[in-house]
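I open the notebook and start with the strands.

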Amino acid sequence: MGCGAIGTQIALAIDSGKIPGTLTHVYDTSKDASSSLVSKLKNKPIIVENPHLLSSYPVDIVVEAASQEAVRNVAHSVLQNKRDLMIMSVGALLDESIYDILSEACEHFHKTIYLPSGAIGGLDTIKSVSDLLESVTLTTTKHPKSLKGAKFFETSKIDLEKITTQTIIFEGTAKEAVSQFPANINVAALLSLVGVGSEKTMVKIVADPNTDKNTHTIVAQGKFGKMSFNIENIPDETNPKTSKLAILSAIETLRKYCSSGISIGT
Ligand SMILES: NC(=O)C1=CN([C@@H]2O[C@H](COP(=O)(O)OP(=O)(O)OC[C@H]3O[C@@H](n4cnc5c(N)ncnc54)[C@H](O)[C@@H]3O)[C@@H](O)[C@H]2O)C=CC1
Ligand SMILES: O=C([O-])CC(=O)C(=O)O
């Protein structure tokens with residue numbers, strides 16, 4: 001579900017055998033996007049007419065790489081149809097009612113939702129010390145063009161076109177960040193879910209016209225000590241909002257899902 005930057009690369013990884021699975025069906029609200037994806041593949045999946053059909057076939061897992069709205073509309077029915085689900089638009093899960101409904105559905109239908117680490121690392125360590133955490137902060141720096149189109153700019157006076165030096169665009173909680181920048185800061189949602197929650201995880205978003213990277217800096221402190229994690233991601237060529245690592249992390253999660261053998265890491 002979602003045939004953009006992430007969905008296309010996942011499909012190509014299945015087609016090339018890197019992920020040992022079969023891609024049977026795809027869906028995108030844009031027919032051009034789904035047709036363009038299918039045209040790139042040797043083994044052609046069926047394009048379905050509505051997203052609920054994806055889980056009506058006997059598949060093992062449905063992969064969401066579309067939008068928070070797609071998660072809100074389709075995630076529950078996927079679990080109800082007894083399919084596992086991988087979610088990239090993790091920001092949708094910061095709505096507690098959605099989180100609770102999906103979490104209960106996982107238990108009820110004995111299914112799992114997979115959230116790849118996306119564009120960051122360090123989630124394994126933060127997860128391990130979660131009971132001892134006192135603070136978690138995330139600073140994300142992107143080129144202004146990678147922040148374009150965010151809901152935040154509908155009401156803000158900041159004009160991205162006029163930014164000439166590093167400028168702090170937003171400072172606040174992960175909850176606010178994810179609602180104002182839904183396509184930019186899913187990583188804040190991931191950090192919130194494994195750490196101190198979305199009201200206590202603090203986020204700073206910086207626009208830097210002189211960078212060609214999507215940089216995420218995480219600092220976590222608590223009764224275990226202090227850790228910091230910095231990553232300078234190369235953005236995807238087709239969608240500069242999305243880092244190459246987010247795509248690779250989705251591919252690795254699915255590769256692991258489709259493989260047996262030794263599993264390394266927390
Ligand atoms: N967890 C993480 O670390 C990361 C998550 N993301 C998120 O993953 C999602 C996909 O990212 P990209 O592939 O880079 O985006 P993209 O914009 O390149 O592609 C998204 C595709 O989904 C389609 N789409 C949008 N709403 C839809 C819906 N309701 N149902 C079906 N299709 C729909 C669009 O037409 C588009 O073709 C986005 O929500 C993005 O914010 C992106 C990067 C990192
Ligand atoms: O890919 C990235 O650098 C992060 C991103 O867009 C997100 O978390 O939504």
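**Entry: a pair of opposite residues**

I looked up phenylalanine 170 and found isoleucine 205 of S8 standing opposite. This is a predicted model, so I keep that in mind throughout.

Next I asked in what order the strands form the open sheet. I noted S7-S8-S6-S9-S10, five strands with mixed pairing. Which are the edge strands? They are S7 and S10, and each pairs on one side only. Neighbouring strands in this sheet are turned by 10 degrees against each other on average, with direction ignored.

Then I went to the S10 side. Strand S9 (residues 214-222) and strand S10 (residues 225-233) are antiparallel, and nine bridges join them. Two residues lie between S9 and S10, and the two strands form a hairpin. I picked one bridge to check: isoleucine 218 has phenylalanine 229 in S10 as its partner.

A helix crosses here too. H8 lies across strand S6 (133-142), S8 and S9. H8 runs at about 170 degrees to S6.

**Entry: two domains**

I checked how the protein chain is divided. Domain 1 covers 5-118 + 246-257, and domain 2 covers 123-234. Their centres, taken over C-alpha atoms, are 24 Å apart. The contact takes 10 residues from domain 1 and 11 residues from domain 2. On the side of domain 1 that touches domain 2, I noted five nonpolar, five polar and no charged residues.

**Entry: ligand 1**

How many residues are around ligand 1? I noted 29, and Gly2, Gly4, Gly118, Thr242 and Ala246 come nearest. By class, this shell has 16 nonpolar, 11 polar and two charged residues. Both domain 1 and domain 2 supply at least three residues each. Helix H1 (5-15), helix H3 (68-80) and helix H8 (186-194) each give at least two. Which of them gives the most? It is H1, with three residues.

**Entry: ligand 2**

I then listed what surrounds ligand 2. Gly118, Thr242 and Ala246 are among its neighbours. Others include Asn184, Ile185, Asn186 and Val187. I also noted Asn214, Asn233 and Lys241. The classes in this shell are four nonpolar, seven polar and one charged.

**Entry: helix H1**

I came back to H1 and asked why it counts as largely enclosed by the rest of the structure. The reason is that nine of its 11 residues are buried. Buried here needs 20 or more other C-beta atoms within 10 Å. Among the buried residues of H1 are Ala5, Ile6, Gly7 and Thr8. Ala13 and Ile14 are also in that set. The cover over them includes helix H2 (31-39), strand S3 (61-64) and helix H9 (244-257). Just after H1 comes glycine 17, with a positive phi of about 90 degrees.

Most residues other than glycine have a negative phi. I looked for exceptions. Lysine 82 is not a glycine, yet its phi is positive, about 65 degrees. Lysine 82 sits in the loop between H3 and strand S4 (84-87). Is lysine 82 buried or exposed? It is exposed, because it has 12 other C-beta atoms within 10 Å, and 12 or fewer is the cut-off.

Histidine 110 is another non-glycine residue with a positive phi, near 55 degrees. I located histidine 110 in the loop between helix H4 (96-109) and strand S5 (113-114). Histidine 110 has 9 C-beta neighbours inside 10 Å, so it counts as exposed.

**Entry: lysine 148**

Last, I looked up lysine 148. Its place is the loop between helix H6 (144-147) and strand S7 (167-173). Lysine 148 is partly exposed, because 16 other C-beta atoms lie within 10 Å. I also checked its distance to isoleucine 218, which is 70 residues away along the chain. Their C-alpha atoms are separated by 23 Å.

How values were computed. Residues numbered from 1 in each chain as written. Chains lettered and ligands numbered in written order. Predicted model: local features only at pLDDT ≥ 70, side-chain atom pairs only at ≥ 80, totals over all residues. Pairing = 2+ DSSP bridges. Helix = DSSP H or I, 4+ residues; strand = E, 2+ residues; numbered from the N terminus. Near = placed C-beta within 6 Å. Nonpolar A, V, L, I, M, F, W, Y, C, P; charged D, E, K, R; others polar. Domains from an automatic or database assignment. Contact = placed C-beta atoms within 7 Å. Axes fitted to C-alpha atoms, helices over the stretch in contact; angles between N-to-C directions.
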